[in-house]
Amino acid sequence: RLSSMIAGQQKRLAVPHEEGAEFILRSLGHKLLRDAQQKQIRTAMDEVKGIDIDFAALQEAVKAGDLDKSVTGGNDGASEYTYDMDMVLEAGIVGWSYEGVEVTPANISLLDPETAKWAFEAIVDMSRRKVAERKA
């Protein structure tokens with residue numbers, strides 16, 4: 001039972017949009033997810049510095065349901081707006097089936113957007129499942 005509470009468990013998954021390709025991914029612990037979330041928040045705050053935003057009006061629009069959830073990040077799945085994608089991918093990708101290509105931050109940054117998003121969502125999903133399983 002203790003092993004189900006510890007992050008770092010690995011899973012081999014087939015890349016759904018790339019025949020024959022597989023990734024070995026690992027679940028992440030709460031600290032790394034929190035750090036990735038804080039980094040993403042800092043990045044978002046840096047991006048909006050100097051922009052004149054009526055936050056009260058924005059909050060009212062969100063409450064009224066006038067904004068698309070994909071814009072506000074209000075979905076139940078993994079969101080690249082919630083966690084820093086590079087941080088999650090670098091910590092969560094353990095291996096892959098690309099022969100002669102080592103798993104390094106530089107090579108992870110070369111993944112096409114579809115594969116990067118798929119791996120990111122799978123890692124966050126694995127990590128969140130660990131928390132949900134413990135609560136059940």
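I began with the largest nonpolar core, which has 23 residues; I took such a core as a set of buried Ala, Val, Leu, Ile, Met, Phe, Trp, Tyr and Cys residues joined through side-chain atoms within 4.5 Å. Phe23, Leu25, Val88, Leu89 and Ile93 touch the most other members. Buried means under 20% relative accessible area with a 1.4 Å probe, protein chains only.

I then noted which elements give two or more residues to this core: strand 2 (22-26), helix 1 (30-48), helix 4 (85-92), strand 3 (93-96) and helix 6 (113-135). Helix 6 gives the most, with 8 residues. Helices (H or I, at least four residues) and strands (E, at least two) are DSSP runs, numbered from the N terminus.

The model is predicted; local features need pLDDT of at least 70, side-chain atom pairs count only at pLDDT 80 or more, and totals for chains, interfaces and linings use all residues. Residues are numbered from 1 along each chain as its sequence is written, and side-chain values use heavy atoms, with hydrogens and water left out.

I looked up helix 1 against helix 4: their axes, lines fitted to C-alpha atoms over the stretch in contact, come within 8 Å and cross at roughly 155°. Helix 1 is therefore roughly antiparallel to helix 4, the term for angles over 145 degrees between N-to-C directions on a scale from 0 to 180 degrees. Leu32, Asp35, Ala36 and Lys39 of helix 1 make the contact with Met87, Val88 and Ala91 of helix 4, where contact means heavy atoms within 4.5 Å.

For the whole protein chain, I recorded 6 helices and 3 strands, in the order β-β-α-α-α-α-β-α-α from the N terminus. Of its 136 residues, 27% count as buried.

Technical notes: Buried means under 20% relative accessible area, exposed over 50%, partly exposed in between (1.4 Å probe, protein chains only). Angles under 35 degrees count as roughly parallel, over 145 as roughly antiparallel, 65 to 115 as roughly perpendicular and the rest as oblique.
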